[in-house]
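Please read this note with the sequence and the model open side by side. The points are numbered so that each can be checked in turn.

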Amino acid sequence: MSFVLSTIAIIAVLALVVMVGAPIVERALMYHPVGNRVRPASAGLPNVEEVLINTPDGHTLVTWYAKAEPGQPTILYIHGNSGTLADRAERIGAFTKRGRGIMMMAYRGYSGSTGRPSELTNIADAKLAYETLIDKGVAADDIVIYGESIGTGIAVRVAAENSTAGLILDAPYTSIVDVAEICYPYLPARLMMRDRYETMRYIGDVHTPLLVIHGEQDAIIPVEMGRRVAQSASGPTEIVTFRRAGHTDHGKYGSYDVVNDWIDRIAVKPSISAQEDRVAG
């Protein structure tokens, strides 16, 4: 009997350790914040300004903002799980050079934003950034939401609940749990993960024009996930894949032109009549 009780006690302790430690391990694997705060001008973006957003729970979000030229949309850019705003200066420049406006929000713990990131706070903060654009006088139908990697799941949530001109998903996943099972097959991801980013649960609620871009050599988020997301969308959808591109390098293979051309088309045409799947690069 004592052996049985001891075994039960050990199992209980291990279960408690897993319950308490799993969120810490999960978020350490999922988020890779770099706290360096850099001014846009120092990153070669003199026409971009830093805008701070105060959250209801007392934190401060650092965003980089450029006002759109007349007749141009504004991109609400929700970035990936690593790096800084400055690391994405090339992407910002690729859009602002065409007259687009942009607001790129740094998650909590990234690029000078305070706090710690989580699915709950990231989604709430992205919605707050959307509301900030509205408060600045940007019309909802002039906002294009752009989600990059982990940011795609957040972008879907914002687009599902708000009016937009369009949604761009750059290397989207079906859920982060699905990605974790590929990247960390030795962990019980489906049991332990709290930040799940279940894109497939919400993509059907997005009715705005959708562009999916994905590298066919992506070793982190397989291109098949991007195709599944595109196939599950309710609105007019286009998917462009890049044969030689990996997870973040499709800019070398023409993705900026693809995105800018798509934005040009939805700016003058409110919808895309048919889904198109083509291979580029």
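1. Val51 stands opposite Thr63 in β3. Strands here are DSSP runs of E with at least two residues, helices are runs of H or I with at least four, and both are numbered from the N terminus. Two strands pair if DSSP finds at least two bridges between them. Strand β2 (residues 49-54) and β3 are joined by six bridges and run antiparallel. In their hairpin, five residues lie between the strands, and Gly58 takes a positive phi near 95°.

2. A word on the source: this is a predicted model, in which local features need pLDDT of at least 70 and side-chain atom pairs count only at pLDDT 80 or more, while totals for chains, interfaces and linings use all residues. Residues are numbered from 1 along each chain as its sequence is written, and side-chain values use heavy atoms, with hydrogens and water left out.

3. The protein chain has nine helices and eleven strands. Of its 281 residues, 51% count as buried. Buried means under 20% relative accessible area, exposed means over 50%, and partly exposed is in between (1.4 Å probe, protein chains only). The accessible surface of the chain comes to about 12900 Å², and 55% of that belongs to carbon and sulfur atoms; such areas come from the Shrake-Rupley method with a 1.4 Å probe, and for residues only the protein chains shown count as cover.

4. Contact means heavy atoms within 4.5 Å. Among contacts between residues at least 6 apart in sequence, 71% join residues at least 24 apart.

5. Which strands pair with β6? Strand β3 (residues 60-66) is joined to β6 by four bridges, and the two run antiparallel. Tyr65 stands opposite Met103 in β6, and Ala66 has Ile102 as its bridge partner there. Strand β4 (residues 74-78) is joined to β6 by five bridges, and these two run parallel. In this pairing, Tyr77 stands opposite Met104.

6. How many residues of β6 (residues 101-105) are buried? Five of its five are, so the strand is described as mostly covered. Gly101, Met103 and Met105 are buried on one side, and Ile102 and Met104 on the other. Strand β3 is largely enclosed by the rest of the structure, because six of its seven residues are buried.

7. Thr96 lies in helix α2. Is this residue buried or partly exposed? Thr96 is partly exposed, with a relative accessible area of 22%. Leaving aside residues up to four places away in sequence, Thr96 touches Ala66 and Ile102.

8. His214 is in strand β9 (residues 210-215). His214 is buried, with a relative accessible area of 0%. Not counting residues up to four places away in sequence, the residues touched by His214 include Ala171, Pro172, Val240 and Phe242. The C-alpha atoms of His214 and Gly246 are 8.1 Å apart.

9. Ser255 lies in helix α9 (residues 255-268). Ser255 counts as buried, at 1% relative accessibility.

10. Helix α4 (residues 150-161) is mostly covered, with ten of its twelve residues buried. Among them are Ile150, Gly151, Arg157 and Ala159.

11. The largest pocket has a volume of about 620 Å³. On a 1 Å grid over the protein atoms alone, a pocket is an open set of points where a 1.4 Å probe fits, with protein on both sides within 12 Å along at least five of seven lines, and lining residues have an atom within 4 Å of a point. Grid points are joined across faces, edges and corners, and a volume is the space filled by probe spheres set on the points.

12. What lines the largest pocket? There are 31 lining residues, and Asn81, Ser82, Ser149, Ile220 and His247 lie nearest its centre. Helices α1 (2-30), α2 (89-96), α5 (176-183) and α6 (189-192) each supply at least two lining residues, and α5 gives the largest share, four residues. By class, the lining has 15 nonpolar, eight polar and eight charged residues. Ala, Val, Leu, Ile, Met, Phe, Trp, Tyr, Cys and Pro count as nonpolar, Asp, Glu, Lys and Arg as charged, and the others, Gly among them, as polar.
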